[in-house]
Amino acid sequence: MSQVNTLIKYDKPKIGLYSTGLNAYWEQFPGLKKRLMGYGKFLEANMSEWGEIYNFGLVDSADKGREAGNYFNTNNVNIIFVHAATYATSSMILPIHQRSNAKVIILSLQPTDQLNYKETNTEEWLANCGACPVTEFANAFNRSGIEYKVVSGLLGLDKSSDISVANEVTKSHPQAIRAWKEIKDWIQAAYVKCVLNNAKFGFLGNTYNGMLDLYSDFTMIQAQTGIQVDVLEMCDLNEIMQKVTDAEIRQKEKQVKDMFLISEDSPSEKLAKKPTKEALNWSYRVAAAQEKLVNERKLDGLTYYYHGAPANAYEKLQSGFIVGNSLLTARNVPAAGEGDLKTNIAMKMCDILGVGGSFCEVVTTDYVHETILLGHDGPFHLDISNGKPVLRGMGLYHGKQGSGVSVEAKVKSGPITTLGLTQTWDGKLKMIISEGEATNDEVMKIGNTQTHVKFNNDPDTYFERWFEEAPTHHCAMSVGKNASLFKKVGDLMKIKTVVI
């Protein structure tokens with residue numbers, strides 16, 4: 001959940017955890033309570049890699065349930081894991097979640113893959129009957145209007161408890177590996193929600209005129225994501241740029257030369273040339289100003305676009321945006337062009353999870369390879385690049401005024417997942433998710449990012465299904481198979497999700 005070269009450090013998510021039990025058992029079975037608490041400590045130790053854990057311990061009475069609910073509220077946890085350690089009545093746990101609105105994940109994780117039937121007594125069985133009360137918990141939650149999810153599998157212990165008569169070492173079992181991936185995903189999803197609830201995005205300039213799919217009001221965005229939108233003007237950036245020092249410019253020059261290749265003239269596009277020294281120096285200066293703006297405003301993301309009268313000073317300023325915004329995107333402050341705030345949020349979701357998040361739209365379709373090319377004229381997430389990206393001088397940005405330096409790159413080959421964030425007719429956000437495979441096929445040399453992607457369907461079937469979901473025409477591209485993870489983010493944030 002963290003990356004190198006970060007500009008921003010976020011607190012870990014706050015994770016609630018408790019185990020269930022029945023207080024009548026403790027006198028009857030002297031070793032059971034300690035054993036179950038040990039399982040809880042095992043969960044706590046493993047979860048602590050991804051979050052700050054608030055482990056209440058055993059809830060074995062309704063009074064303990066009320067106490068636990070107040071404990072989780074006091075610590076403002078982002079998600080609560082219910083470890084169904086052994087049987088407990090639902091009356092004990094319902095008070096917890098009537099006091100806390102955090103997402104509920106029930107863990108039905110058995111310590112052993114098979115009982116030692118010949119030697120198992122009642123105490124041994126009770127330590128392995130975690131699934132028994134889950135139906136009762138689920139029914140109580142459902143009838144109380146409390147949403148929940150369940151992770152079922154093996155606990156994944158690396159050693160057996162002292163009094164167990166069965167083999168509890170199940171760390172390498174597929175049922176344990178799957179369960180722990182689900183647990184990690186839920187914690188990461190909680191992390192995304194936590195970060196966005198405390199994030200501030202800059203909105204610099206305006207949305208591209210006429211792109212109706214991109215328009216959303218800032219109140220709706222804050223209401224549904226928690227993100228505060230800081231409306232910026234070009235004069236804010238211009239004022240900062242006047243204070244940029246030569247040392248800061250040289251620092252940006254070094255970063256750019258470390259991260260990019262400088263192109264020669266394009267063999268096919270007359271508008272795409274080797275960047276001039278003047279254009280590169282301008283992009284270094286603008287990039288330094290962009291970073292100072294982000295630092296001064298404490299921004300977690302930046303949505304931008306500017307359209308003004310031809311040849312005015314601010315148009316020249318925006319001509320240097322792409323390089324600096326690619327640097328910011330690679331350092332955990334994703335930047336989205338054309339004033340597309342929704343896609344900027346999708347990029348941020350990907351970035352928080354450490355899986356990239358490059359700004360994309362449909363470029364063209366390759367019916368020979370059965371791939372769809374996705375990309376844009378920038379910015380690009382450098383962390384997921386297939387080799388060093390190339391900087392190309394652009395005599396004119398397509399469909400826009402101005403000229404400058406653009407990024408030409410492709411996402412590294414292998415599994416990818418696109419994440420689109422759109423808005424429905426009733427003003428609700430919706431996530432559109434697609435998994436595919438990025439291939440290393442030939443692309444154009446026109447100063448744009450481009451990646452061939454082969455989806456599970458042929459291009460036409462994919463397009464028809466995708467377009468029917470009324471997407472925003474931009475999306476974020478991430479590396480890896482992330483559909484399940486993104487769906488959990490949507491679930492926690494109460495955003496409808498669709499997987500194509």
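Predicted model: local features only at pLDDT ≥ 70, side-chain atom pairs only at ≥ 80, totals over all residues.
Strand β4 (residues 103–110) runs parallel to β5, and the two are joined over 7 bridges; strands pair here if DSSP finds at least two bridges between them. Numbering starts from 1 along each chain as its sequence is written, and side-chain values use heavy atoms, with hydrogens and water left out.

**The sheet around β4 and β5**

- Both strands belong to an open sheet of 5 strands, ordered β2-β1-β3-β4-β5 with parallel pairing.
- The edges are β2 (52–59) and β5 (148–154); each has a single partner strand, so one side of each is left without a neighbour in the sheet.
- On average, neighbouring strands of this sheet are turned by 20° against each other, direction ignored.
- In general, strands of a sheet pair through backbone hydrogen bonds, either parallel or antiparallel.
- Helix α4 (residues 90–99) lies across β1 (14–20), β2, β3 (79–83) and β4, at about 165° to β1. For that angle, axes are lines fitted to C-alpha atoms (for helices over the stretch in contact), and angles run from 0 to 180 degrees between N-to-C directions.

**Aromatic pairs**

- A search of the whole structure turns up 18 aromatic pairs. Rings of Phe, Tyr and Trp (its six-membered ring) pair if their centres lie within 6.5 Å; planes under 30 degrees apart count as stacked, over 60 as edge-to-face and the rest as tilted.
- Tyr 18 and Phe 72 have ring centres 6.1 Å apart and planes at 40°, so this pair is tilted. It links distant parts of the chain, with Tyr 18 in strand β1 and Phe 72 in helix α3 (residues 62–74), 54 residues apart.
- Tyr 18 is buried at 0% relative accessible area, and Phe 72 is buried at 1%. Buried means under 20% relative accessible area, exposed over 50%, and partly exposed in between (1.4 Å probe, protein chains only).
- Phe 203 and Phe 218 make a tilted pair, 5.1 Å centre to centre with 55° between the planes. Phe 203 is in strand β6 (residues 200–205) and Phe 218 in helix α8 (residues 218–225), so the pair ties together parts 15 residues apart in sequence.
- Phe 203 counts as buried at 6% relative accessibility, while Phe 218 is partly exposed at 28%.

**The cluster and Tyr 71**

- Ring pairs join Tyr 18, Tyr 54, Phe 56, Tyr 71 and Phe 72 into a cluster.
- Tyr 71 sits in helix α3 and is partly exposed, with a relative accessible area of 26%.
- Leaving aside residues up to four places away in sequence, Tyr 71 touches Tyr 54, Asn 55 and Phe 56; contact means heavy atoms within 4.5 Å.

**Charges over rings**

- Lys 316 lies over the face of Trp 282, 4.4 Å from the ring centre. The test is NZ of Lys or CZ of Arg within 6 Å of the ring centre and within 35 degrees of the ring normal.
- The charged end of Lys 488 sits over the ring of Trp 186, 5.5 Å from its centre.

**The whole chain**

- The chain has 16 helices and 20 strands; helices (H or I, at least four residues) and strands (E, at least two) are DSSP runs, numbered from the N terminus.
- Of its 500 residues, 58% count as buried.
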